[in-house]
Amino acid sequence: MDTPVERPLRILLAKLGMDTHTVGVTIIAHALREAGMEVIFTGLKQTPEMVAAAAVQEDVDVVGISTLSAGHMRNLPKLARLLREAGAGDKLLLAGGVIPQEDKALLTEAGVHKIFTMGADTREIVAYLRGWWTERQAADAA
Amino acid sequence: MTKLSGPIRAANDNLADDLARWEAETRGPFLSSHPERRDPFVTQALGWPIKPLYTPADLEAVGFDYRTDLGFPGEYPYTRSTKPNGHRSQFWTMTQVTGFGKGQAWAKRARYMLDQGLSGLILEYDLATTNGYDSDDPMVEGEVGRAGMALDSLEDLEAAFDLPFDRLKYLMSVCNAPQPVNLAMIIAALEKKGVDPRDFVLHIVNGILIEYTCVGRYIYPPEHGLRIAADCIEYIIRNHPNWAPLSIIAAQLQPAKANPVQEIAFSLAIACAYIDATLARGLTIDEVAPYMNHFVVNVDMDFFEGICKLRAFRKCWARLMKERYGATSADALKIRLMTSPTTIALTLQQPLNNIARLGIMATACALGGALKAIERGYFQSALGREQYERNRDLEEGRRKWVGVNHLTLPEEKREIEIFRLDDAMEEEQVAKVRALRARRDQPAVDAALDKVREAARNGGNLVPVCLDAVRLYATHGELCAAMRDVFGTHAPDAQLAGV
């Protein structure tokens with residue numbers, strides 16, 4: 001087997017539904033790019049179907065959803081299900097934005113792997129992704 | 001006994017010379033043993049340097065003239081106030097935003113707010129409505145009734161307007177991109193309730209240009225967006241002269257990280273676009289300007305800059321109207337300011353601090369402004385790099401924010417009841433609009449929608465044809481789609497430059 005070539009992590013950032021609040025996702029996109037990751041942004045007004053299809057087509061490692069308009073309890077579980085159905089359940093699914101503490105357990109159960117809410121430090125998010133990516137690559141190489 | 005009043009030293013004729021002496025003899029030696037805490041001291045929003053002391057010499061240096069540069073309250077250029085007696089004759093008006101769930105839920109909340117003493121309300125719609133979709137459109141699944149009231153047809157407004165209109169005298173409606181549809185629906189609902197439009201003020205925000213600039217709830221390309229906004233303005237001026245057809249929401253620029261100078265400049269430029277489009281309909285500036293002078297402005301924690309911003313707004317508006325447009329009537333020269341504390345300054349962490357923050361911001365509003373609305377729950381869109389840099393300043397401690405990066409209490413527990421919308425609401429709303437479509441006079445609706453397409457194509461005013469269609473229970477989403485057939489949609493890529 002060839003030695004795996006080390007490549008940067010690819011992440012798809014997306015906004016679901018009619019939520020047009022983009023300050024958070026803009027900050028995250030800049031921080032991840034600065035940390036050497038490949039960032040693809042879907043643009044606004046996406047359905048879970050559109051995001052799942054883009055994640056598969058772009059062959060990303062991580063899908064990150066920014067949500068600030070209270071639609072998360074419906075559209076995040078739906079996206080997690082669609083990713084699994086598309087055979088892309090191994091992609092890391094992240095969410096960030098205005099998500100009440102009380103909703104986290106249900107979202108985790110539905111397949112969201114990690115949730116960063118208001119006040120999350122971008123350095124903490126970068127460190128988390130780097131850690132996950134190192135482990136994932138090691139697991140893939142094994 | 002020694003007399004304590006009077007100058008200790010003989011006054012110099014030239015204050016600037018005295019100041020230089022003070023610096024050399026008094027402040028200078030003090031500084032050598034007491035260095036300043038910060039280098040440099042700058043204003044919060046603009047980063048302008050702050051001197052340790054200001055005297056009349058500073059005004060003299062810039063050639064300040066009290067009469068022309070400041071003037072008296074209630075007189076041109078209205079810097080200090082558009083009213084001659086400040087708040088001593090009457091207080092500012094207070095309004096609040098509300099909107100969630102179905103029409104019935106809004107009516108119930110609105111009645112409660114009227115019972116608490118409000119006489120005006122601001123109605124917000126959900127994101128399905130403001131983006132031009134009906135509740136059963138697959139694009140908006142999960143968002144029905146969440147960020148505001150769901151509005152699909154005249155039925156929903158009939159339910160929402162189950163109100164004592166003898167007490168509700170002012171309603172502001174926030175539905176920018178689909179404005180002619182929304183205006184028509186409200187007119188039809190008021191007719192059904194038997195409300196005399198002369199005895200009630202409907203204020204439509206009609207703020208499509210700010211949506212393109214930094215909010216994102218647009219549907220059609222900007223040229224068509226401005227045209228339909230002008231249709232609504234013209235319709236109101238000609239048919240309901242006591243109503244208000246526009247607000248310039250400068251408050252959206254501030255959380256998008258525009259500084260106060262950009263905020264005033266951009267929002268006046270936006271006002272000019274509306275004015276020019278309306279003047280082209282054959283009205284004069286003295287007729288038009290009193291309908292274009294309502295600005296909603298946020299005040300942040302930068303207390304003095306917030307006050308100065310409101311004063312600058314009044315002066316800039318008066319001069320713009322007089323010098324660029326040749327306005328002469330006092331009503332044209334006076335801006336109307338609605339101000340609110342920015343929600344961007346508030347934190348989820350250690351939320352009791354928000355009380356002090358709101359107190360400081362509301363005080364700046366009162367000192368600088370005239371009208372005040374609390375809790376505009378808006379957000380904004382990308383001014384990419386700058387937003388990232390501001391965030392880095394916080395993360396790396398160059399800016400302090402209590403509870404976020406300063407004096408944080410990680411162990412603090414918060415027990416706040418979160419507002420939850422009943423999940424069944426969306427299904428009920430979807431069923432309601434589908435049932436409506438099944439029972440109405442479909443051929444008549446189709447013909448009315450064709451009339452809307454025709455007006456969109458040939459440039460006729462869209463409000464009357466929308467009014468005919470909503471009376472037949474054509475839905476909000478159908479009417480928005482009919483215009484989309486002609487105008488096309490605004491490519492969202494433009495939004496994303498900053499990401």
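Reader: How many Å separate the centres of domain 1 and domain 2 of chain B, taken over C-alpha atoms?

Author: The model shown here is a predicted one, and in it chain B is divided into domain 1, residues 90–379, and domain 2, residues 425–487. Taken over C-alpha atoms, the centres of domain 1 of chain B and domain 2 of chain B are separated by 24 Å.

Reader: Which helix of chain B gives the most to the side of domain 1 that touches domain 2?

Author: Across this boundary, 34 residues of domain 1 of chain B are in contact with 23 residues of domain 2 of chain B. On the domain 1 side, at least two residues each are supplied by helix 6 (154–160), helix 7 (179–193) and helix 9 (222–239) of chain B. The one that gives the most, with seven residues, is helix 7 of chain B.

Reader: How many residues on that side of domain 1 of chain B are nonpolar?

Author: The side of domain 1 of chain B that touches domain 2 of chain B also holds seven polar residues and eight charged ones. The nonpolar residues there number 19.

Reader: Which helix of chain B gives the largest share of the side that touches chain A?

Author: Between the two chains, 33 residues of chain B are in contact with 31 residues of chain A. Two or more residues of the chain B side come from each of helix 5 (127–130) and helix 15 (384–395) of chain B. The largest share, five residues, comes from helix 15 of chain B.

Methods
Residues numbered from 1 in each chain as written. Chains lettered and ligands numbered in written order. Predicted model: local features only at pLDDT ≥ 70, side-chain atom pairs only at ≥ 80, totals over all residues. Contact = placed C-beta atoms within 7 Å. Helix = DSSP H or I, 4+ residues; strand = E, 2+ residues; numbered from the N terminus. Domains from an automatic or database assignment. Nonpolar A, V, L, I, M, F, W, Y, C, P; charged D, E, K, R; others polar.
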